[in-house]
Amino acid sequence: MGKVFAVIVVAIAAVSTTIFALHLWWPPPDISVHGAGIDHELGQTMIATGVLFVAAQVALALFVWQGSDAREGRTVKRFPGGATPLVAFAVVLVGIEILALTFVGSKVWANIYIAPPDSGALHIDVQAEQFAFYFRHPGADARFGGLHPDLIDDGSGNFFGLDPANDTTARDDIVSSSLVIPVNRPILLTLHAKDVGHSFYVPDLRLQQDFVPGLVIPLHFTATRTGKYEIVCTQLCGLGHHTMRAFLEVMTPDQYDQWLKTQAAQQ
Amino acid sequence: MHTRHLWSLALAAVAAAAARAPSSGAGAAGTITGKVTFTGTPPRMRPIDMAKEPSCATQHQTPVMTETVVTGPENAVGNVVVYISAGDAAAGTPTEPARYDQKGCQYIPHVAVIQVSQPLDIYNDDQTSHNIHPLALVNPEWNKSQPPGAPPIHASYAKPEFIAVKCNVHPWMHGYFAVLTTSHHAVTGSDGGFTLPGLAPGKYTVTAWHEKFGTQSQEVTVAATGAVTANFVFKAQPY
Amino acid sequence: MPDTHGAPQGFLRQYVFSLDHKVIGKQYLGLALVAVCTGMVLSWLMRWHLGWPSAAVPGLGAVSPTGAPSGMITPEYYLSLMTMHGTIMVFFVLTTAPFAGFGNFLLPIHVGAEDMAFPRFNMMSFWVTFLAFAVLVSAFFVHDGPPISGWTAYAPLSAVGKDAGPGQGMGQTLWAVSIGLFCVGQLLGALNFIATTLDLRTKGMSLARLPYATWAWFITSVIGLIAFSVLLPACILLILDRVAGTSFFVPAGLVISDRLQPHAGGSPLLWQHLFWFFGHPEVYIAILPGFGIVSHILPAVARKPLLGPKVFIACLVTIGFLSYTVWGHHMFLSGMNPFSATLFSVPTLIITIPATVATLLWIGTLYGSKLRFNTAALFCLGFISVFVSGGLSGFFLAQPSVDVYLHGTYFVVGHFHFVMGVAAMFGIFAATYFWFPKMFGRMMNETLGKWHFILTFIGVYCVFMPMHFLGLAGDVRRYSAFTDDYMKGSLPLHRFITVAALFTGAAQLLFLYNLVRSRFRGPLAPANPWDATSLEWSTASPPPHDNFGGQPPTVFHGPNEYGVAGRSGDYIMQASPEPEPAA
């Protein structure tokens, strides 16, 4: 029985590690400026945990295999050095790992969430609601209109609750269901929620941030490749949570300008 | 002399009887027709971006527009529910179900008129799940998910009410159920015209309801035969 | 002095409203058994839907005509299955069985006492827990169904009432009431464990000589006392927001179902902080008894002492303490101050050290061992393997920068299922196979047990390891279907997981059958079938009403005397007056 268990453990460890190592399921190519840091951390962690995983499972399997030796007269043996080398190994090895990951990882984190956005960043307002995302550009006057929740009327397309009757800055706001941005340009999103908690997740951008009702949360990034990517909601928000998505369209600057003109004409 | 009195009496009796009689049947041949128009500038309708739901977006060659204010030639207003709100005798409950479709991620028709207790069948004709949520305030409120291929939802409402309908999954989907007591109702098309036939002579209040412009009513007297005209003019504002 | 009581008379007093910790422990285990079967069925329905979203479940339409018309699971039904699955498993299985169940049965015996310090509180704590379960289950039967906000019940979704969606009316309120009651039950239980451990130890039972499972239950109780004391008021505040018009968790200006909500001034983050301040210690409440159970059983089946017992206790204490400093790692992306991410990440990584040490001590104990491969042993060995797997995936999530990508994905689902759904469950299985003879006086069938283990061990790896792959590919959790373009390709792997889950679930029938059959037809158990040292093996199987037949034991040794020349063999029992051999 012990030998069977040991073989199964080693087989599981081998199969799992192989699948991880071959990147059979892996994040999509990174299209952001900050993503390289995340991918590096992920890769380093994968290697470190992979080594520990294999070592621990093999040690377990080996000692169980040896422990299944049912010969008479065998005496039990104490681990050489007792608990001390194990404690030392754990404290030192894991300790070094922790320091390294924290030191490097906190820089990666700070770049995304603590560093301020580029001063020339293109500001797009984002609203999350049950069950769609809507995006707002400030329009030609470069100013966003005020938001009035009591004026929200989804059926008329007034998702944000703008008051164009009384608020002239709101009249040229461009509201869109897709996040359309130019490539290689710093973008600043301000996230707010209309109803309950939601989250903004773009795996390709290596970016994720919760929307919190009552807060306006800034999020900045720069996309480095054109294309169409999906934005999905990762904070359970109700029955339509799994349908809640929008498309991120990263365009060349010319295409973006053209898109902006077309949108402005429709508002 | 005696005969003329008899004739007057008879006429009065018939008139009295007709006033009490239901509008259908003998003596109910009057009609109210009219047109609903607007003055001023109506709000612009916007194209609906169905990017989140490609299975619906691909069903439309050009993007559909929001339907809050549907206008037509000569300032006509569509989707106005015109109905008899007073003076009408009690109507029976129709057994024929009304139909409401979710197709191309739109509600068809935008405004569905049903009578109290009339069955309403709601169909999902799309490849995607809808969750229909009629926001009733007087009647019980409910919402139901309808995956593609699910059987129609059977509903009915016991009290008259104009009920806004939304889809929990697709925020741009909006429509209305107009639950009425009367069997005399019409919804204007984009030409703004309506006809209410089969009315007995008498005094009626005709009401026109529009989801954005509000409600207007008029008193109309219907003769024994022929049409009476009642037009409605709503004031429109750009925002 | 405990509130001693004579043997009860009558069916109700003996088996229903009993003050005897042994009966109460079995009642908790019975409740957990019903809960785990319910939770498993819910998970099968979830997995079925994820693998085959348009396939109807035969018969489900008759059970749930609204939630699953014609047997087709609607999105809200899926989310309510998920919410109830998580709630039932975390509270009524993982907190109830290893801690309240086995702890209640064994702790007084381990310390050499006749019963818990407060037997009436003990009985109350079970019945309050039972009531909590009944209230939770009643959410299935209310008009709008059970809540859909997950076991984490984030506000405002959970706080605003029925506008937020189906299940968020009465169902969510019942959920909050149930969990509040559960907290009360567990607080009473924790008080009992602590008082009994500190005050009712028999002569010679110093704290240093406590069995390791007892230490684990003791530390778990201390953690629970603080954690449940925070969750209880949080649930009360949630109920007030829902029914009394307060706004602890709901800010102004929310428009839900086209209605402006009449709240102002609240903070959704406040709920998250309160919940996770409880929630993270809760997962240690779920696993530490398993740590103790493995450390208790492993020496007996390895026939050698646990390596580094004092270090092991220190690990338990350290984990208990650190468990209160890490809750923010569930909230890295929640919108709280980003500086706090580093603040929470450091202790989260540091807590891996005592967990690693404990794991290495177990593996080190296995070095040079003479293993007896009974089913309890196998589940302990399996525990080590799956805890390694689950613990290591936590390493990724502990770093905020990596969590940016993995938060909210199936990677998290794989991680917590490995440590809670598998490791903690393996602890429960090991405890069952080990202590069944003591509790019921009969042996369980070893052949069935071994098959149960092998099929389950392979099965759980097939179910939960692939979830890490899905998470790396960006598959999002709590989705009732994967219709997004980039997730469509994950369907084959989801189907594999579903098949593995149904297969592993079926394997549990072996366990259920074994339980029932052995209860009535198992061979009679001797007092000490495992040649183990702790006090429960010094008394009959099952023990008499007052545990030691009127003779409270005197303790001469710690629990770790294995692999030594003793009178009965290669071990010395704690209550045996023989001297330990010279070192």
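1. Start in chain B. E9(B) and E10(B) are joined by three bridges and run antiparallel. Strands here are DSSP runs of at least two residues (E), helices runs of at least four (H or I), both numbered from the N terminus. Two strands pair if DSSP finds at least two bridges between them. B:His130 has B:Gln146 in E10(B) as its bridge partner.

2. A word on the basis. This is a predicted model, in which local features need pLDDT of at least 70 and side-chain atom pairs count only at pLDDT 80 or more, while totals for chains, interfaces and linings use all residues. Residues are numbered from 1 along each chain as its sequence is written, and chains are lettered from A and ligands numbered from 1 in the order in which they are written.

3. The other partner of E9(B) is worth a look. Four bridges join E9 (residues 130-135) to strand E12 (residues 161-167) of chain B, and the two run antiparallel. B:Pro134 has B:Val165 as its bridge partner in E12(B). B:Leu135 stands opposite B:Ala164 in E12(B). Five of the six residues of E9(B) are buried, so the rest of the structure largely encloses this strand. Buried means 20 or more other C-beta atoms within 10 Å of the residue's own, with C-beta atoms placed from the backbone; exposed means 12 or fewer, and partly exposed lies in between.

4. In chain C, look at helix H8 (residues 268-302). Its 35 residues should span 51 Å at 1.5 Å a residue, and the end C-alpha atoms are 50 Å apart, which agrees. The expected span is 1.5 Å times one less than the number of residues. H8(C) is mostly covered, with 30 of its 35 residues buried. C:Arg303 follows H8(C) and has a positive phi, near 60 degrees.

5. Finally, the contacts of chain C. Chain C has 91 residues in contact with 85 residues of chain A; contact means C-beta atoms, placed from the backbone, within 7 Å. H11(C) gives the most to this side of chain C, with 10 residues.

Terms used: Contact = placed C-beta atoms within 7 Å.
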